[in-house]
Amino acid sequence: MAKAAKKKPAVALIVFSQSRDIPFNRIFLSESNVRELNVEEGLDELTHDIDRREDIVQGLNVRAIMDADGNETGDFETPAGGRRYRAIARLVEAGRFPSDGPVPCLVKKANAKTSAVDDSLAENTVRLALHPLDQFKGFKRMLDDGLSKEEIADAYRTTPRYITQRLRLATVAPTLLDAYVRQEMTLAMLEAFTVNPDHGRQEQVWERICVSWQKEPWQIRRMLTETTVSTTDKRARFIGVDAYKAAGGIVLRDLFCDDTSGWLENVPLLDRLVDEKLQGIADQLAKQGWKWIAAHVELPYGHANGLRKLIGVTEELTEEECATREALRNEQEGFEAEYSDADELPDAIDQRLAEIETALSTFEDRPTTFDPADIARAGVFLSISRQGELVVDPGYVRLEDEAPSVANSESGEDPNEDPSFRDGDRDGVQRTVVSIGGQPPHKEEEDDEVIKPLPESLIGELTAHRTLALQNALAGNPHVAMTALLHRMVMERYHYAAPTGCLEISVRQTAFLAQGTDLKETPSAKAIIERYDAWQADLPSDERALWDWVAALDDTSRMALLAHCVSYGVNAVHERPNPYGGSGPTQHSLNCRLAGADRLARATGFDMVTDAHWRPTVDNYLGRVTKARILAAVREGAGERAASLIQHLKKGDMAQEAERLLSDAGWLPEPLQLLAATDVEEVAADGGATAIGETGAMHDTDTDEVPPIAAE
């Protein structure tokens with residue numbers, strides 16, 4: 001006979017406490033409430049929330065108050081819900097809720113297993129704060145339901161900007177949101193990804209940095225915007241962000257930064273708008289009659305080499321302007337004297353001084369006028385300053401545009417007629433040649449051969465006698481020889497006119513066909529320009545007086561001027577040798593050039609680190625070579641341990657770190673290092689038969705192999 005199945009023991013079922021409405025004036029704060037510190041913190045927000053929704057999200061947890069005999073008194077205490085109670089009390093005090101108004105309450109049953117203290121502790125402890133991502137999505141749902149950002153911000157006692165930021169976080173690529181939930185990235189990192197709305201690009205960047213030990217938000221922003229242009233770029237400032245947006249351009253904004261900067265995504269559109277604006281300005285200037293106008297976003301170093309600068313007439317100040325300037329100067333001096341001992345100026349005084357400085361600067365920067373005849377053969381350079389302002393530099397004459405010689409009058413040509421009128425402008429109107437972002441166009445050389453009254457062969461024979469006699473005379477007068485040399489060099493360097501004279505000596509200035517954008521900002525470039533301007537300020541404006549001025553200089557000044565002019569002829573640029581002749585140096589001439597540059601550096605005591613302040617950066621070296629080269633540079637300049645710390649990085653990050661490690665190491669790449677003194681002498685001794693490669697190493701030119709020169 002089968003045995004009966006055993007019955008499971010009965011399980012006592014949970015019976016919840018009942019809820020009911022209780023008049024507020026019958027409820028009191030309980031001494032059992034465990035929250036005693038900072039009880040007023042956040043109470044304004046809670047009161048505002050109950051007031052705006054005219055309801056409470058969660059009722060109070062109350063217990064009946066007993067009399068001495070254990071009977072209910074009809075009053076209740078709330079051990080859990082003290083903040084809600086205080087918020088309602090504020091609403092009662094403000095007249096927004098009746099003192100006896102019903103409040104939803106959970107009334108603890110008489111046989112409750114837990115104490116009032118237990119209930120209070122549990123409500124404040126056994127709970128989970130909302131995940132930030134859930135908050136972001138919640139705001140998005142409220143926006144989709146029809147609430148505005150301002151209404152959501154008012155509801156949660158924050159700003160519309162905060163709501164906009166949170167809504168932007170909710171639009172990041174889902175894979176990145178999942179990584180944030182898994183705590184693989186911080187909130188600051190997630191904020192950085194909002195810079196670029198392209199989910200595909202966001203995921204690419206995350207894949208690159210998720211395995212890296214460097215995950216800084218600034219790196220994420222840099223990687224997401226590396227193909228864009230900052231709103232602080234000179235081009236963006238020049239045309240204005242509004243004009244770019246009006247043309248359909250997209251601006252990427254970082255909502256989590258305090259500034260208003262951003263990035264322009266469509267770089268070709270930006271460049272087109274810049275060119276169009278420069279073209280419009282050039283067209284207006286062309287109406288003044290300039291022969292040519294060359295417009296560049298950034299003028300290259302040495303753009304005015306070979307051109308003569310016109311000396312215009314600066315417009316004088318009127319009597320009224322002079323009086324105004326004097327009054328401003330007196331006011332400025334008064335403030336400076338009054339506050340000379342003050343550590344800090346009052347804001348009003350500081351602002352007024354700034355206004356005075358601005359006003360005085362307008363008196364210093366006076367417009368310059370030029371003779372119409374000079375304008376007809378001269379040109380203008382247009383460029384953009386670092387602040388995005390237009391820079392107009394007028395009055396430059398090219399060699400081929402100099403005034404025609406008197407000899408032309410003998411051939412029946414009008415010396416006052418511009419040659420361009422004879423080149424096709426038969427209507428007698430000169431056409432201004434405008435170039436945007438390119439090299440100024442040059443006319444083809446004209447045939448200046450004219451008929452001489454005597455046969456050329458006879459003239460050559462006669463003047464040969466005179467030439468030998470002058471050579472002999474000059475050799476016997478060193479002072480005049482030095483004067484002639486300086487006169488020739490100054491004429492050539494400061495472009496008084498087309499190179500003329502009988503002394504066939506010339507120092508050709510090096511043209512840097514390959515140059516970084518930072519070249520003209522180097523200390524060397526600034527020093528050369530400063531020295532050039534200093535000498536120019538002392539030179540006579542009349543070229544006919546130049547000879548007497550040079551002849552009257554003392555020996556110290558003559559030597560200084562000679563060094564200044566000769567220095568322009570230095571050429572230490574490495575070029576690919578041309579083994580077949582034609583353009584470009586031969587291997588022999590290149591070797592002699594580099595060896596001579598090293599000899600010159602040793603003779604002057606010159607050093608690229610201490611004198612030129614050269615440092616390897618991402619832009620000028622580290623970002624343009626291979627990882628192996630970067631590691632070799634760090635290993636040589638900062639040591640093996642430093643190299644080992646960055647060898648696992650991607651190239652971009654490695655270059656950034658290498659720049660920091662080498663900033664004060666005094667390290668130089670091979671093309672900037674000096675050859676050993678013995679190598680220089682070896683090149684001189686064998687006539688350049690030994691090749692000097694990219695690394696400064698010596699190579700036998702008998703082999704067919706040419707050392708690699710191209711940049712990596």
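Predicted model: local features only at pLDDT ≥ 70, side-chain atom pairs only at ≥ 80, totals over all residues.
## Helices α4 and α7

Two packed helices are described by the angle between their axes and the distance between the axes. For helix α4 (residues 132–144) and helix α7 (residues 174–181), the axes come within 10 Å and cross at roughly 140°. Angles over 145 degrees count as roughly antiparallel and those from 65 to 115 as roughly perpendicular; α4 and α7 are therefore oblique to each other.

On the α4 side, the residues in contact are Pro-132, Leu-133 and Phe-136, and they meet Leu-177, Tyr-180 and Val-181 of α7. The contact of α4 with α7 has 6 nonpolar residues, with no polar and no charged ones.

Strands of a sheet pair through backbone hydrogen bonds, either parallel or antiparallel. In this model an open sheet of 5 strands shows mixed pairing, in the order β10-β14-β13-β9-β15. The edges are formed by β10 (308–309) and β15 (433–436); each has a single partner strand, so one side of each is left without a neighbour in the sheet.

Strands β9 (residues 292–295) and β13 (residues 378–384) run parallel and are joined by 4 bridges. Within this pairing, Ala-294 has Phe-381 in β13 as its bridge partner. Helix α13 (residues 267–286) packs on the sheet and touches β9, β13, β14 (390–397) and β15. The direction of α13 makes about 150° with that of β13.

## Salt bridges

The structure holds 31 salt bridges. Glu-276 has a relative accessible area of 43% and is partly exposed. Arg-272, at 41% relative accessibility, also counts as partly exposed.

Another salt bridge is formed by Arg-308 and Glu-402, where the closest N and O atoms are 2.8 Å apart. This pair links distant parts of the chain, 94 residues apart: Arg-308 is in strand β10, and Glu-402 is in the loop between β14 and α17 (407–410). Strand β10 is also one of the edge strands of the sheet. Glu-402 has 17% relative accessibility, and because buried means under 20%, Glu-402 counts as buried.

Arg-386 forms a salt bridge with Glu-521, and here the closest N and O atoms are 3.5 Å apart. Arg-386 lies in the loop between β13 and β14, while Glu-521 lies in the loop between α19 (478–493) and α20 (523–538), so the pair ties together parts that are 135 residues apart in sequence. The two partners fall into separate accessibility classes: Arg-386 is exposed at 55% relative accessibility, whereas Glu-521 is partly exposed at 32%.

## Helix α10

Helix α10 (residues 217–224) has 6 of its 8 residues buried, so it is largely enclosed by the rest of the structure. The buried residues of α10 are Pro-217, Gln-219, Ile-220, Arg-221, Met-223 and Leu-224. Among the elements that cover these buried residues are helices α8 (187–192), α9 (199–209) and α26 (651–662).

Note on methods. Residues numbered from 1 in each chain as written. Heavy atoms only, no water. Axes fitted to C-alpha atoms, helices over the stretch in contact; angles between N-to-C directions. Helix = DSSP H or I, 4+ residues; strand = E, 2+ residues; numbered from the N terminus. Parallel < 35°, antiparallel > 145°, perpendicular 65-115°, else oblique. Contact = heavy atoms within 4.5 Å. Nonpolar A, V, L, I, M, F, W, Y, C, P; charged D, E, K, R; others polar. Pairing = 2+ DSSP bridges. Salt bridge = Lys/Arg side-chain N within 4 Å of Asp/Glu carboxyl O. Buried < 20%, exposed > 50% of the residue type's maximum accessible area, 1.4 Å probe, protein only.
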